[in-house]
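User: Hi, I'm new to this one. Can you walk me through it?

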Amino acid sequence: MSAPSRAELSDRGRAERRLGLVLSAPAVAVMLLVTAYPLANALYLSLFRYRLTAPDDRRFVWFSNYATALGDPLFWQDVLTTLVITAVTVAVEVVIGFAFALVMHRAVFARRTVRTAILLPYGIVTVISAFAWKYAFDLQSGFVNSWFGAGDFAWFSHRWASLLVIVLSEIWKTTPFVSLLLLAGLAQVPGDLGEAATVDGATAWQRLWRVTIPNMRAAILVAVLFRTLDAWRIFDNVFVMTSGQGKTETLSFLTYRQTITRTAIGLGDAVGVLLFLSVVLIAAVFIRGFRVDLSQVRGDR
Amino acid sequence: MESARSKWLWAVGSLLILVWTAVPILWIVMLSFKQPGEVGNRHGFLPHTWTWENYRTVFRTGLFTSALVNSIGISLIATAVGVVFATLVAYAIARLEFPGKRAILSFALAIAMFPVVSLVGPLFDLWRDIGLYDTWPGLIIPYVSFALPLAIWTLSAFFREIPWEMEQAAQVDGATSWQAFRKVIVPLAAPGVFTAAILTFFFCWNDFVFGISLTSTDNARPVPAALAFFTGASFFQQPTTAICAAAVVVTVPVVVIVLLFQRRIVAGLTAGAVKG
């Protein structure tokens with residue numbers, strides 16, 4: 001076989017480039033259509049005083065919508081609610097998820113059954129999980145109060161009690177995702193490292209903290225990053241369980257309520273942009289601060 | 001190495017996991033078999049009198065059956081479109097040298113992190129302007145867009161494992177790049193594509209935000225949104241048990257898929273995310 005000439009090579013290279021771009025075009029186009037234009041639109045409209053019910057009354061007001069949002073105690077109350085939900089769910093999920101991953105990694109009995117069972121909450125619709133937990137704690141339909149002797153304590157009449165139930169349903173639904181990521185991380189911890197530590201007289205607890213966890217750093221950080229962003233956007237459970245009543249409103253819910261329910265487009269878009277910026281900030285903190293290696297997630301390496 | 005005691009410990013752990021995942025699901029099933037009047041009067045876990053009444057109510061309610069048709073149709077179409085698009089991109093990323101490759105991957109990552117709610121306001125406006133509000137395409141387009149990142153990662157991870165020499169062999173034998181892709185690689189890639197399809201379907205099936213924001217009638221409203229707005233078969237009846245029956249109906253496909261394809265779903269969820 002003779003070596004191809006230079007002209008042939010670059011022809012081939014050009015064809016390859018074209019094919020690559022052509023193949024990527026549909027996906028990129030859809031993703032741009034649904035995100036870039038609406039986001040630009042939201043940025044633009046957030047500078048107006050604009051309600052859908054009074055379209056002729058649209059006025060350019062610079063950043064006054066942002067000032068309104070940031071100056072409102074309700075906004076900060078929602079920030080606090082979202083922050084508490086995120087912090088508690090992620091912390092609990094990492095611990096439970098790690099325990100689940102260890103069990104799946106080590107269990108000899110019913111391994112397949114456990115993995116299948118763990119996937120069920122992952123597949124179940126969030127709204128349905130929210131209904132299940134709501135009805136379990138509800139005074140009318142629930143069994144929780146009679147089982148655990150809580151009398152007629154009305155869970156959804158107290159801010160922190162209702163947030164607890166919201167958090168429980170979120171944890172139930174999304175721990176499988178965490179535990180599967182951590183299981184994959186566990187599988188990559190070199191087994192001989194643990195054995196060497198055992199020979200050196202390390203206890204199981206020391207092996208866990210000194211060998212296993214440091215070697216899983218990448219997996220843990222990826223799981224925490226994805227779950228943090230996910231929990232920060234929590235919406236479905238809140239909608240189903242409390243509709244944001246009793247000071248349980250989250251940032252996503254506030255945005256939804258302003259834009260869709262109240263049709264206060266300008267103000268709602270301002271809140272939406274603030275939510276978007278907070279997500280960017282969280283991602284930046286993780287990626288820069290903790291150096292989460294996302295090239296592995298993206299699949300480019 | 002493993003002592004009998006620690007074996008027992010892991011077994012107990014397994015059992016706890018099974019209970020933890022099963023109880024809320026069983027609870028919904030139990031509620032769906034209770035008589036509507038039992039809610040508020042008895043507080044047991046099991047139904048006092050078992051009944052199919054709620055399932056009959058649900059299937060007689062036009063709102064639910066149309067929502068079920070919407071959910072199935074929209075999710076299947078969005079899955080098909082999304083997986084085709086993702087397959088093309090993932091192939092290009094795994095196999096071809098072209099500018100903008102890293103940019104595409106970073107963009108997909110950014111989409112996965114995007115707060116969806118920030119977009120529903122503008123999308124609501126845009127869809128009303130161009131007539132997509134309360135239609136199937138009006139939901140299919142955002143579903144495809146937001147399911148794409150996961151599908152792209154899953155597929156590029158799978159595509160990295162494929163023996164690509166076979167494609168070159170086909171090209172040496174005179175096949176074009178496109179023929180080599182279609183005839184040689186597609187059959188090899190099918191398992192990965194199937195996994196991506198399952199994950200995409202779960203994503204669409206689960207959606208709620210778009211479902212309540214971009215629809216207003218049973219024209220396109222999917223099940224999760226319909227459930228949240230369901231107020232009961234009649235004004236005097238508690239909707240609780242009927243909602244649970246509907247919930248069980250839409251959970252059955254999920255359970256079947258999980259039981260059949262457990263291994264694939266696990267592989268798909270962890271592919272790409274944690275590669276050493």
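Analyst: Start with a term: a residue is buried if 20 or more other C-beta atoms, placed from the backbone, lie within 10 Å of its own, exposed if 12 or fewer, and partly exposed in between. This is a predicted model, where local features need pLDDT of at least 70, side-chain atom pairs count only at pLDDT 80 or more, and totals for chains, interfaces and linings use all residues. Residues are numbered from 1 along each chain as its sequence is written, and chains are lettered from A and ligands numbered from 1 in the order in which they are written.

User: How many residues of α10(A) are buried?

Analyst: Twelve of its 16, so α10(A) is mostly covered by the definition above. Among them are A:Phe226, A:Arg227 and A:Trp232. Helices here are DSSP runs (H or I, at least four residues), and strands are too (E, at least two), numbered from the N terminus.

User: Switching topic. How many residues does the contact take from chain A and chain B?

Analyst: 87 from chain A and 87 from chain B. Contact means C-beta atoms, placed from the backbone, within 7 Å. Helix α1 (residues 6-45) of chain A gives the most to chain A's side, with 19 residues.

User: And how is chain A divided?

Analyst: Into domain 1 (6-60) and domain 2 (74-298). Those bounds come from an automatic or database domain assignment. Their centres, taken over C-alpha atoms, are 31 Å apart. Eleven residues of domain 1 of chain A are in contact with nine of domain 2 of chain A.

Terms used: Two residues are in contact if their C-beta atoms, placed from the backbone, lie within 7 Å.
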